[in-house]
Amino acid sequence: MAAFVPFGEALAFGLASGPACMAACGPVLVPSLLAERTGIGHNARYLSVFLSARLLGYLVFAAVAWEIGALAAFLPASRILLMGAVNIALACVLFWYAYSARQFCAPSCSSSKLVNIDRKEDRGAPGAAALGLLTGLSLCPPFVAAGIRAAQLGSVLQSLLFFTFFFAGTSVWFVPLAGMGCIARNQAVITVARMTMVLIALYYLSLGIAMLIGRKPYGY
Amino acid sequence: MKLRAKLGYTGAGLTVFAALLTPFLLYGLFSDGFAALGLHVDEMYSGGPKIRTIDKGAYSITVHRAVYPHMLQTEKPFVQLDWSPVSALPAHVSDLVDVDGDGQPDLRVSFEVPKDPKAPLRVDVEPLTPRFEAMRNAGKERFSRLIVRVDNSVLVRVPLASQ
Amino acid sequence: MATKACLPRIVHTPPRGIGRSILLTLPILLWSLLMFSHPQGAAVADRLSLIAGAITGVFMTVLFFMMMRTGTTYRWRRYFFVSVGLLFPVGFIHNIVAMRGTMGIPVEEMIAGRTPFCFMPIPLLILPAAFTRTLVFPGSIVPSGGASGHGIAAMVGIWLALTLVMGKGWCSYACFFGGIEEGVAALPRRAKIRKIDPRWRYGPWAVLLAMVLLSLALFEPAYCMWLCPFKAVSEYVAARNTVGLIQNGIFVLLFAVLVIALPLLTKKRTQCAFFCPFGAFQSIFNKASVFEVKIDQARCKPCVLCQTACPNLSLTSESVAHGEALLSCMKCGACVDACPRQAIVWHIKGTEMAAKPERARLMFLYAAWAMAVMFGGSIIAQGLVTILHFLPLGGI
């Protein structure tokens with residue numbers, strides 16, 4: 001029974017951190033979901049790909065950090081450099097996503113690789129995966145806290161399992177976002193989604209550059 | 001007249017009536033209602049509620065509850081300490097402060113009190129427990145790490161060390 | 001495109017008689033007397049407040065009289081709105097500088113909760129408050145002295161009341177920033193840029209969505225920190241490092257482009273039409289508003305004069321074909337006044353189309369102008385008090 005205790009803790013920690021994780025992923029996830037086509041099923045599939053890639057990001061980071069012994073002692077300076085690079089990458093993906101969604105068209109025609117409103121094919125996965133992976137690597141505070149706790153466990157496998165249960169707890173909060181599939185997609189919604197992505201990408205870009213050049217990412 | 005039209009005109013009439021009521025009733029009702037919702041300004045700005053006062057004779061030190069960041073706020077958790085009244089402070093303040101009330105001092109806080117109220121303040125904080133971060137000649141660096149004068153008090157915010 | 005052969009038949013409305021116009025204006029005169037007959041402050045300020053209040057009351061009454069006499073709305077409303085836009089910064093900046101010596105908000109004021117609260121962050125506060133019962137704004141819920149003004153609760157209260165009455169009419173009768181660009185847009189005779197991609201109309205919704213999401217993630221009023229162009233004419237966070245300077249530079253740039261340059265080139269309220277997230281938020285309340293603008297298809301011969309006149313691009317060929325303005329309609333009256341066939345009318349939801357449109361217009365105007373006198377009028381009066389305060393002394 002004692003071996004399960006950390007994982008119950010991980011799940012509870014994930015549930016408690018869920019709002020913060022949703023707030024962290026919201027600026028990326030909400031406009032990209034809006035740029036996808038209507039349908040709860042389609043949006044749920046998109047969300048699943050996003051979350052799976054996010055989990056992959058968590059696990060890759062956890063495994064690498066464990067191996068190099070840096071999980072518990074990931075220095076703030078190194079963390080900021082990594083976050084800066086991830087933010088710039090996120091901005092680039094969002095810019096490309098906004099550009100790709102420029103063709104809102106009838107169901108029979110296809111658009112770019114990242115976004116497709118064609119009913120016959122479902123090729124939104126690469127975009128969802130890219131965004132999910134990058135948000136998973138963005139080291140939000142709940143993730144860092146989970147990492148520090150996971151580092152106290154005996155093996156890399158336990159650490160990875162801890163992250164997985166933590167992730168499951170946070171993901172509960174994302175389920176309602178599949179309801180965005182109920183929103184009808186038309187030129188207005190797609191245009192708003194694209195513009196929002198550009199604005200958020202600009203923010204991430206400025207944040208990433210500020211982090212990389214060592215400037216405080218706030219003005220006051 | 002059809003029912004819909006009657007409802008429409010009734011709504012329009014009520015709207016005009018609401019406009020006339022606004023300065024006398026609605027404005028106060030809505031304002032008081034909002035104030036009664038129990039919301040509070042983010043403690044990152046307000047410094048958190050006061051929990052203890054340490055009497056130092058002519059002046060006192062008020063200890064606030066520790067403030068922790070929400071969501072993705074980039075600020076660190078901190079504790080705010082208020083020295084007041086400023087008029088009763090010596091030119092050089094150097095106090096041992098028991099933050100958690102366990103009878104043991106947790107910090108030594110030192111700062112000069114210039115005569116000019118608009119002169120910038122600088123503070124040195126020496127933590128006596130690993131719970132707090134040190135501050136050397138700190139000014140107004142960020143919300144979680146600063147010294148400022150607000151009205152008749154000097155406020156010092158000491159960040160909590162990462163755990 | 002309309003050719004000479006099919007120019008719309010112009011319908012001229014005779015002006016309303018002077019006596020009847022005065023009669024219809026009387027309620028507003030009484031309302032103005034009520035609103036401006038309570039001076040505050042010391043004896044000198046009493047005199048100044050009385051004078052400013054009298055000027056404002058006469059101004060508002062005369063404008064309403066002209067609305068009644070001419071049967072038009074937009075031009076007279078614009079005079080009021082531009083006055084608010086010009087005089088708000090006068091009174092506000094003077095008060096701020098008098099209190100703290102600078103337009104910049106020092107961190108001490110933010111900690112003390114003395115940052116004045118404007119209506120713009122309202123939509124940004126909702127999600128953080130829902131999750132944590134916290135207001136992410138460095139102000140005070142109730143007045144706490146200094147520049148805190150009447151507090152956050154007061155602004156929320158007035159916003160709620162005005163929105164209940166006017167819906168998105170807020171953007172034409174209450175916003176104390178919109179008058180600046182409306183005045184600028186009125187300056188040129190003709191627009192230099194006439195073709196505008198209609199997709200830019202979705203800009204405010206994108207800004208709203210982005211700012212709401214970022215405000216929740218960062219737990220700060222993201223629009224106020226990064227994108228508000230009106231910081232250039234009110235106040236801003238005092239910059240203490242490079243990023244702060246960049247933030248302040250962004251405000252000035254956005255003001256110069258969206259509030260000055262583009263309105264001059266397009267004769268449109270470009271900040272409102274393409275950017276303002278609060279405007280997008282207010283559009284939602286247009287659904288609940290009982291007043292609207294409707295187009296009588298029987299009278300309409302598509303001449304696009306209404307689309308050209310609309311400062312907010314709230315009329316498109318599709319919406320005109322449907323007989324209505326878009327959700328973003330600010331109820332300014334420009335389209336109603338521009339239509340040569342009186343095909344666009346003020347309308348009360350549920351009533352017969354074009355059944356006594358003047359009744360609908362009157363009911364809307366009484367409600368909206370009462371609010372305008374109370375809120376915008378007080379801003380005009382405050383600005384006048386500031387100007388009058390300096391006149392005898394010749395300066396600060």
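In this predicted model, the largest nonpolar core contains 240 residues. The residues with the most contacts inside this core are Leu94(A), Ile200(A), Leu162(C), Ala367(C) and Met371(C). Helix H17 of chain C, residues 357-390, provides the largest share of the core, 19 residues. Chain B takes part as well: domain 1 (1-39) and domain 2 (43-159) of chain B each give the core at least three residues. In soluble globular proteins, nonpolar side chains tend to be buried together.

Leaving aside residues up to four places away in sequence, Leu94(A) touches Val28(A), Met197(A), Ile200(A) and Ala201(A). Ile200(A), one of these neighbours, is itself among the residues with the most contacts inside the core.

Where does chain B touch chain C? The contact involves 39 residues of chain B and 45 residues of chain C. On the side of chain B that touches chain C, at least two residues come from each of helix H1 (3-35), strand S1 (40-41), helix H2 (43-46) and strand S10 (145-150). H1(B) gives the most to that side, with 20 residues. By residue type, the side of chain B that touches chain C has 23 nonpolar, eleven polar and five charged residues.

The two chains also share strand pairing. S1(B) pairs with strand S2 of chain C, residues 134-135, in the parallel sense over two bridges. Within that pairing, Val41(B) stands opposite Leu135(C).

Chain B also has a sheet of its own strands. Four strands of chain B, in the order S5-S6-S7-S8, make up an open sheet with antiparallel pairing. Strand S5 (92-97) and strand S8 (135-138) of chain B are at the edges and have a single partner strand each, so one side of each lacks a neighbour in the sheet. From one strand to the next, the twist averages 10 degrees.

Strand S7 of chain B, residues 123-127, pairs with S8(B) in the antiparallel sense over two bridges. Here Val123(B) stands opposite Ala138(B) in S8(B).

Notes
Residues are numbered from 1 along each chain as its sequence is written. Chains are lettered from A and ligands numbered from 1 in the order in which they are written. This is a predicted model: local features need pLDDT of at least 70, side-chain atom pairs count only at pLDDT 80 or more; totals for chains, interfaces and linings use all residues. Two strands pair if DSSP finds at least two bridges between them. Axes are lines fitted to C-alpha atoms, for helices over the stretch in contact, and angles run from 0 to 180 degrees between N-to-C directions. Two residues are in contact if their C-beta atoms, placed from the backbone, lie within 7 Å. Ala, Val, Leu, Ile, Met, Phe, Trp, Tyr, Cys and Pro count as nonpolar, Asp, Glu, Lys and Arg as charged, and the others, Gly among them, as polar. A nonpolar core is a set of buried Ala, Val, Leu, Ile, Met, Phe, Trp, Tyr and Cys residues joined through C-beta atoms within 7 Å. A residue is buried if 20 or more other C-beta atoms lie within 10 Å of its own, exposed if 12 or fewer, and partly exposed in between; C-beta atoms are placed from the backbone. Domain bounds come from an automatic or database domain assignment.
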